Amino acid sequence: KQWYQRRVAITAGGGSDSQTSPGDNGIYIVRLQPKGAAAKDSVLLAGDKIISVNGTSLENLTNKAAQEALENIGNTVVIVVMRTSPEAAKETGAAELSAAAEEAAKRAEEEARMRHEEEIVAKAAEEESRKRL
C-alpha cells in the first residue's frame with residue numbers, strides 16, 4: 001500500500017502489515033512530487049527509509065499508522081531517514097557532506113587547542129606578574 005503526503009509531497013509505503021520485503025517493517029519513500037517541498041529541498045530521495053517524523057518513530061508501525069503520523073506533521077517537519085542505496089547517497093553528495101563535517105570538526109579542534117594554549121600563556125604571564133610584585 002502506498003499513499004501520498006501532501007505537505008512534504010512524498011509518496012511512501014511499507015509498514016508492518018505491508019512489508020516491502022520479508023521481515024522489513026520499514027516505511028520507505030517511494031517517490032517525490034517533482035515540484036514538492038521534499039524535491040525542492042533535495043535531501044530526501046526515493047528509497048530512503050523513514051525512521052521518524054517530528055520525533056515520532058515510524059519503526060514497526062502499520063501502514064495506516066505511519067500514514068496518520070505523516071498526515072499530522074504540522075508546519076515544521078523533521079524527518080529522519082536512513083539512506084538505503086549507495087547510489088542515492090552519491091546523488092546527495094554524501095561524501096562531500098562528510099568531508100565538510102570532518103573539516104569543520106578539525107577546525108573546531110584546532111580552535112580549542114589554540115584557546116587552551118592562549119590560556120596557558122595568560123596564566124604564565126599572570127604568574128610572572130605576581131612574582132614581580
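This is a predicted model: local features need pLDDT of at least 70, side-chain atom pairs count only at pLDDT 80 or more; totals for chains, interfaces and linings use all residues.
The protein has 133 residues, and 26% of them count as buried. It holds four helices and six strands, and reading from the N terminus the elements go β-β-β-α-β-β-α-β-α-α. As for how far apart in sequence the partners sit, take the contacts between residues at least 6 apart: 50% of those join residues at least 24 apart.

Now for the strand pairing. β3 has β2 as one antiparallel partner and β4 as another. Here are the two pairings side by side, with one facing pair from each:

| Strands | Sense | Bridges | A facing pair |
|---|---|---|---|
| β2 and β3 | antiparallel | five | T11 and R31 |
| β3 and β4 | antiparallel | two | Y28 and K49 |

In soluble globular proteins, nonpolar side chains tend to be buried together. Here the largest nonpolar core has 16 residues, and V8, I10, L44, I50, V53 and L58 have the most contacts inside it. Two or more of the core residues come from each of β2 (10–14), β3 (27–32), β4 (49–53) and α2 (63–71).

K49 is worth a stop. This lysine is found in strand β4, where Y28 stands opposite it. Is K49 buried or exposed? K49 counts as buried because its relative accessible area is 13%, and the cut-off for buried is under 20%. Setting aside neighbours within four places in sequence, K49 is in contact with D24, G26, I27 and Y28, with E59, and with V80, V81, M82 and T84.

Last, the empty space. Rolling a probe the size of a water molecule over the atoms shows where empty space is left. The largest pocket takes in about 250 Å³ of space. Its lining is made of 12 residues, and V8, D41, L44, V77 and I79 lie nearest the centre. By type, the lining splits into nine nonpolar residues, one polar and two charged. Which element gives the most to that lining? That would be α1, with three residues. Both α1 (37–41) and β6 (79–82) supply at least two lining residues each.

Two names link the pocket to the core: V8 and L44 are among the residues with the most contacts inside the core, and they also lie among those nearest the pocket centre.

Conventions: Residues are numbered from 1 along each chain as its sequence is written. Side-chain values use heavy atoms; hydrogens and water are left out. A nonpolar core is a set of buried Ala, Val, Leu, Ile, Met, Phe, Trp, Tyr and Cys residues joined through side-chain atoms within 4.5 Å. Buried means under 20% relative accessible area, exposed over 50%, partly exposed in between (1.4 Å probe, protein chains only). On a 1 Å grid over the protein atoms alone, a cavity is a set of points where a 1.4 Å probe fits but cannot get out, and a pocket is an open set with protein on both sides within 12 Å along at least five of seven lines; lining residues have an atom within 4 Å of a point. Grid points are joined across faces, edges and corners, and a volume is the space filled by probe spheres set on the points. Ala, Val, Leu, Ile, Met, Phe, Trp, Tyr, Cys and Pro count as nonpolar, Asp, Glu, Lys and Arg as charged, and the others, Gly among them, as polar. Two strands pair if DSSP finds at least two bridges between them. Contact means heavy atoms within 4.5 Å.
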